[in-house]
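Visitor: I would like to learn how to read charged pairs and helices in a model. Could you take me through them step by step?

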Amino acid sequence: MSRTRFVYLGGLVWFTAAASPAPAQQADTLSLLAAVDVALQAHPAVRAADAAIERASADVGVATSAWFPQLGARLGLTQHQEPMLAYPLHELTVTEPPVFDPTLIQGGVDLGWMFFDGGGRRARIGAARTQADGAAVERERTTMDVVAEVAHAYLTVLSTAEILGALDEQLIALDAEGDRVGQFLAQGQAAAVERLRVDAATAQTRAERITVAARLDAAERTLARLLDVPPAATRRDRLVPLEMVSTAPQDREELEDRLDTGNPEIRRATLAVQAADWSGRAARAEWWPRLDGVGSYGLWTIPSGDAVFEWQVGIRVSYPLFTGGARSRRVAAARARVEEARQQLALTRMYGREVLDHALTAVDEQGARAAAVATAVDHLTEVSRIERLALEAGEGTQTDFLRAEADLRRARAELVQAEYGQVLAIIELARATGDLSPAWLQRILETQL
């Protein structure tokens, strides 16, 4: 298979042992899509990501509020040791001497708006919005992680159950062979060693079945924990068999383009560069003076006097002449953060392409392995059938039959693992390109919904 083109989903991959279609899903069954939906509603990581989006949205609102004027009210009562000037003194006359009182009541309404700060306000808003975009991308990445984790657990239950079913079929075959040998022993037409061989093979298969049954129970409980449901809801008999839908081959260059635009890690790294750039602009804005418009409507009074109200408006320019080098260092730090973010983006892209390479290789490898093992299973099934017929006809040996049955059992288990690995590789490829989602699963999976 060419390295620039590959079969993205590799054909149909069945996870059912029977060749006939599965029955329609019952009300108490659980499909993979339903399991993903339940997990996305219950998983703490998803809830934390939603909370992060809300927090980032609030931060944007806080930053954007700097565009609005600031309005505040104040009111205070002050008791002085000695009498103080009670009202604003605009002129001094003999006929109207100033009023003094030790208890002063002062208040007012203040209005202010920043006209210019060198672009710092715009930079802070841009940084907040970039952080909000990053939170949304993190939510997508979390969704992909949960979908992949649930799919992994779901398919582990299905594949382990298939292996357990193969072992049960093996035990049925061994029981039948035991009955046959028992009949011949009763008639004195078989040696005791034949019975020992059957018993040994049966014991070995039962021991392997105990191990696989324990793995199945653990897999079912893992899936239940992910969904936050009782283990009984994720037992094998409640899960719905599924199959992959074959799709057209995909071009590698197209996948790399989708990697740059869809991979959540690369998108977050790109947003980190933008956020660092906004922070740099905010740091450089400190070198510009700040221009504010101010105004107030004030109140002055004393407990025994009349109230005096006055207004005032003005423009204020402020500029720090010396900060001990803090401004220069903040600009230098911001410049370093931009460079760090750019290099991190390059590293993330490099790692993303490595992940893509591994996913492509895994899809090809597991697909080829599944096809080869499927052929081997067909051949070994026929070999086992022939060995059984030969044994029943008295022309074969029990050793050959038991070896054929053991080879068939191992091949079936390997086939299930290969098919399972292929689906996981496909899911990892979709996660790398940013395609993995419940909608993507619905497009590529056929389940009895």
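Guide: Gladly. Keep in mind that this is a predicted model. Let us start with R139. Its relative accessible area is 24%, so R139 is partly exposed.

Visitor: Which residue forms a salt bridge with R139?

Guide: First the general idea. Side chains of opposite charge can pair when their charged atoms come close. Here, the partner of R139 is D50. Their closest N and O atoms are 2.5 Å apart.

Visitor: How many salt bridges does a search of the whole structure find?

Guide: The search finds 24. One of them joins E265 and R141, at 3.7 Å from N to O. This pair links distant parts of the chain. E265 is in helix α6 (residues 264-284), R141 is in helix α3, and 124 residues separate them. E265 counts as partly exposed, at 40% relative accessibility.

Visitor: Which residues are linked with E265 and R141 in a network of salt bridges?

Guide: The network also takes in E138, D145, R268, E428 and R431.

Visitor: Now a loop. What does R235 meet in a salt bridge?

Guide: The side chain of R235 meets that of E220, at 2.5 Å from N to O. R235 lies in the loop between α4 (192-227) and β4 (242-244), while E220 belongs to helix α4, so the pair ties together parts 15 residues apart in sequence.

Visitor: Are these two residues buried or partly exposed?

Guide: The cut-off for buried is under 20% relative accessible area. E220 has 5%, so E220 is buried. R235 has 23%, so R235 counts as partly exposed.

Visitor: How do I read the burial of a helix, and which residues of α4 are buried?

Guide: Start with the turn. An α-helix has 3.6 residues a turn, so residues three or four places apart point the same way. Now look at α4. Its buried residues include V198, A201, T202 and T205. Further along, V212, L216, A219, E220 and L223 are among them.

Visitor: What span should α4 have?

Guide: At 1.5 Å a residue, its 36 residues should span 52 Å. The end C-alpha atoms are 53 Å apart, which agrees.

Visitor: Which residue takes a positive phi just after α4?

Guide: That is D228, with a phi of about 60°.

How values were computed:
Residues are numbered from 1 along each chain as its sequence is written. This is a predicted model: local features need pLDDT of at least 70, side-chain atom pairs count only at pLDDT 80 or more; totals for chains, interfaces and linings use all residues. Side-chain values use heavy atoms; hydrogens and water are left out. A salt bridge is a side-chain nitrogen of Lys or Arg within 4 Å of a carboxyl oxygen of Asp or Glu. Buried means under 20% relative accessible area, exposed over 50%, partly exposed in between (1.4 Å probe, protein chains only). Helices (H or I, at least four residues) and strands (E, at least two) are DSSP runs, numbered from the N terminus. The expected span of a helix is 1.5 Å times one less than its number of residues.
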